[in-house]
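The exercises below ask you to read a protein model step by step. Keep the sequence and the picture beside you as you work through each solution.

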Amino acid sequence: KEQTEIIAEEEEDAFKKEEEDEEEKSFEGLGLEPRLIRALNKKNIDKPTPIQRVAIPLILEGKDVVARAKTGSGKTLAYLLPLLQKLFSDSASKNKQEAPTAFILVPTRELCQQVFSEVMSIIEYCRVQLKVVQLTSGMSTSDLRTALAGPPDILVSTPACVHTCLSNGVLQPKAVNDSLSIIVLDEADLLLSYGYEDDLKALTTHIPKRCQCLLMSATSSTDVEKLKKLILHNPYILTLPEVG
Ligand code: ADP
Ligand code: MG
């Protein structure tokens, strides 16, 4: 898997100017399928944000990406859209799997809910059979077992819940290793300060080499650097201006 490192600096002004430009980039231009673009239109979203413009094509190509852009810049769709498109094409040829194809890891229960809703709001318009599950901290072992039976295509969870599933046998390390093809660490700048380091370490040993890793954050910090070392090899680094 190819891994390269670039820094993309883009000013908000440049974005506005480009937006007025007739040649402006559309979601179509980024390589997304019509059904995803239709779903976006239903949500009144018709122009990609700067981070989406840069990240979507790279993620579609299969690159590992670290994206840093301020809160509210559209990082969720920047990874969700290409992730969904990859799963659309996977699902036809998918072998019988025993673990999810994609993990989206977030630091809080609220974010879990938010990301879950965002995924569902897109796939409801896509006429596709994708199973998406979120894990929450109150779930019993049997709740977890039920949630992961199937298994889902996409798992949205905190690292702690995934660790629990690995510890109690609800998720088999070998199955994770066989099935996982995309992992997203969203709000990566918060994951370590929220105390998920050990949970992430328990998981990273089972992430297969071929797995595409995406790390989204609002700020850069030593924690993000640490996570990069933990799960990424030599990713694309996309940086958009921070707030303030
Ligand atoms: P971040 O994760 O960078 O903080 P979010 O992904 O939560 O930002 O997006 C912030 C808001 O912007 C959400 O309400 C989302 O629906 C909206 N949004 C995302 N992409 C676009 C877009 N291309 N055009 C308009 N609104 C968008
Ligand atoms: Mg976000």
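Two strands are said to pair if DSSP finds at least two bridges between them. The structure shown is a predicted model, with an average pLDDT of 87 over the chain.

**Exercise 1.** Find which residue of strand 4 is the bridge partner of L105, and describe the sheet to which the pairing belongs.

*Solution.* Begin with strand 2 (residues 102–105) and strand 4 (residues 154–157), which pair in the parallel sense over four bridges. Within strand 4, S157 is the bridge partner of L105. Next, widen the view to the open sheet, where seven strands follow the order 3-4-2-5-6-1-7 with parallel pairing. Strand 3 (132–134) and strand 7 (236–239) are its edge strands, each pairing on one side only.

**Exercise 2.** Determine which strands are touched by helix 5 and which strands helix 3 lies across.

*Solution.* Take helix 3 (residues 50–60), which lies across strand 1 (65–68), strand 6 (212–217) and strand 7, and runs at about 170° to strand 1. Then turn to helix 5 (residues 109–123), which packs on the sheet and touches strand 2, strand 3 and strand 4, its direction making about 165° with that of strand 3.

**Exercise 3.** Describe the surroundings of ligand 1.

*Solution.* First list the shell, in which 13 residues surround ligand 1, the closest being T71, S73, G74, K75 and T76.

Methods:
Residues numbered from 1 in each chain as written. Chains lettered and ligands numbered in written order. Predicted model: local features only at pLDDT ≥ 70, side-chain atom pairs only at ≥ 80, totals over all residues. Near = placed C-beta within 6 Å. pLDDT = per-residue confidence, 0-100. Helix = DSSP H or I, 4+ residues; strand = E, 2+ residues; numbered from the N terminus. Contact = placed C-beta atoms within 7 Å. Axes fitted to C-alpha atoms, helices over the stretch in contact; angles between N-to-C directions.
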